[in-house]
Amino acid sequence: MTPPAFPPPALRRPAFLAGAALALCLLLALLTYRSLFAYLLDQERQHAAQRLDALALSLDAALARHESLPGLLALDPTLSALLDAPRDPARLAAANAYLEAAQQNAQVAAAFLIDAEGLTLAASNWRQPLSFVGHNYAFRPYFRDAVEHGLGRFYGVGVTTGEPGYFLAAPIRRSQQLRGVIVLKIGLESLEQALANGGDPLLLADADGIVFLASARRLRYRSLTPLPEQVLARLRDSKQYGEQAPPLLADRPLPAAGLSRLALPEERPRERLVHSRPVGKHGWRLVQLGDPGEARTAALAAATATAFACAFALGLAAHLRQRARRREELRRIHASLETRIAERTADLTAQIAALERTKAILRETRDAAVQTGKLATLGQMAAGISHELNQPLAALQTLADNAQALLKRNRLDEAAENLQLISDLVGRTGRIVRQLKSFARKEAPTPQPVSVDSAIEHALLIVEPRRRELGASIHVPDADPARQVIAEAGRVEQILINLLRNALDAVADHAAPRVEVSCRRNPDDGSRLDLCVRDDGPGLSDEARHHLFEPFFTTKPAGAGLGLGLAISQTIAESYGGTLSARNAPGGGAEFVLTLPAVSPEGDSDAAPDA
């Protein structure tokens, strides 16, 4: 039999220590949770007891305030007179008026007079449709208690109005003989409002455990525990809470105190912390259904924090121990590293020198490529430029000969006009030559503010022969001297010339070729300007969009271009921290967007170019 395989001692010890640390953290977390949860529950019980004490005092005061009033009302001779002659209209009117005034002054719900047989003779609500007059209430417990014990107390739902209230009744006697009973009905709306203002559910239950006041109406007229049959029979006889038997408040009997998981009406089962307190002289009980969730959450949070704190402390101790063990090892490694670093530093120094040489070669190559692109552009436009210069030269020759002939004939005014035309043509030719010299000049990389309007104007002057050859229209934005970018004038013009020539070539076959130049703030970065050149040509194919800025890629016929213009233009744009992109315009045609850092209104660039 093969013996069981055990991990080597080098692995068993760390695993044992890790398990012991985990067990310690869990034990501390459990102790923290239990002690803090018990403490918070005790605090909750104290707060609930204070709140229930305050409500009990308020209820006792509200009930005791009117207890002597029925006995005082019974002394009035108006009521005794009516009991002597129940059918006398004058005495009945006087009794109704007296009870109505008493009800208003005492601010009770109702006051009414019952004869010895339980029949209501007069009431404060005699004017109302649901008056108590004519109803027999001998079955009500408050009537029997007043007759038998001298004062009747009862809370129930009115059998006439359907409105609940607290009834106080006192007998009216003459020579120890019962003549009638005076009854007050008191509303407990203020107490119910006080119950509703609390956060947790609050209940007021009678001696049988039936809730008759609650912070939520759906909890009223429900029993805390199952009711015995004799209690149900008594409730049916007295109609204390209507005709229906009170259902259970929760899905199980409510305990007197402690934690219990209950499902109240229209709620899911949840844990409740039950607090109760007896109140009054009737066996009533105030019950609060607290929520231990906050206490449990706080205890759990504290336990979690304790576990993490313990784990952190143990981890820190292990780290310090490990650090001490590693410190010596690091000392040994340090010496060997210094030697290797010295060797590596020498290698890196040589590589950096080689990299600097390579970067210098790349800069020279880039500048040469840019200059080559300029000259290639000039070469492509040579025929048009030659035609642009030949016309003024031929006109100069003709105008000079005419001027000589006019001078000989002494026609000085006409000769002066010819000379003025000669001056204008010389100026036009000079501007063309200066622009060509400026465009062809090899510039030093010195980024500075460049007028967008000037760059567009000079680029249009260069491509004018091609535009006139095609009969195309080029729309440019309105002049704005504040519109400037950080670059070099000649290179911005080179990019625009490439874009304009490509746009003109794209619309060469159109009957009414059109090119549009626009300038706007970049929507994603307000510190940059977008120069857009759009044509109404056939647009860019998928293949062209993927390879558009690759060197030597061109969609023109053989001999019409080298495919370097867009690649060089993109290189120039990126050297100033800008971009050059292309897309198909929504309305048709292609649109090229040159994005460059803009100059702020104060004269400083909004973005520093990487030249």
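**Salt bridges and positive phi values: a guided reading**

Guide: D88 and R91 form a salt bridge, with their closest N and O atoms 3.6 Å apart. The model is predicted, so local features need pLDDT of at least 70 and side-chain atom pairs count only at pLDDT 80 or more, while totals for chains, interfaces and linings use all residues. Residues are numbered from 1 along each chain as its sequence is written, and side-chain values use heavy atoms, with hydrogens and water left out.

Visitor: What is a salt bridge, and how many does a search of the whole structure find?

Guide: Side chains of opposite charge can pair when their charged atoms come close. Here the term denotes a side-chain nitrogen of Lys or Arg within 4 Å of a carboxyl oxygen of Asp or Glu.

Visitor: Where in the chain do D208 and R234 lie?

Guide: These two residues form a salt bridge whose closest N and O atoms are 3.0 Å apart. The pair links distant parts of the chain, 26 residues apart: D208 is in the loop between β6 (202-205) and β7 (210-214), and R234 is in helix α7 (residues 229-238). Such elements are DSSP runs numbered from the N terminus: helices are H or I of at least four residues, and strands are E of at least two. D208 has a relative accessible area of 22% and R234 one of 40%; both are partly exposed.

Visitor: Which side chain does R583 meet in a salt bridge?

Guide: The partner of R583 is E591, at 2.7 Å from N to O. R583 is partly exposed at 40%, whereas E591 is buried at 7%. Elsewhere, salt bridges with shared partners join D84, R174 and R179 into one network.

Visitor: Where is N410 found, and what is its phi?

Guide: N410, also not a glycine, has a positive phi of about 65 degrees. Its place is the loop between α9 (382-408) and α10 (412-440), and N410 is exposed at 57%.

Key
Buried means under 20% relative accessible area, exposed over 50%, partly exposed in between (1.4 Å probe, protein chains only).
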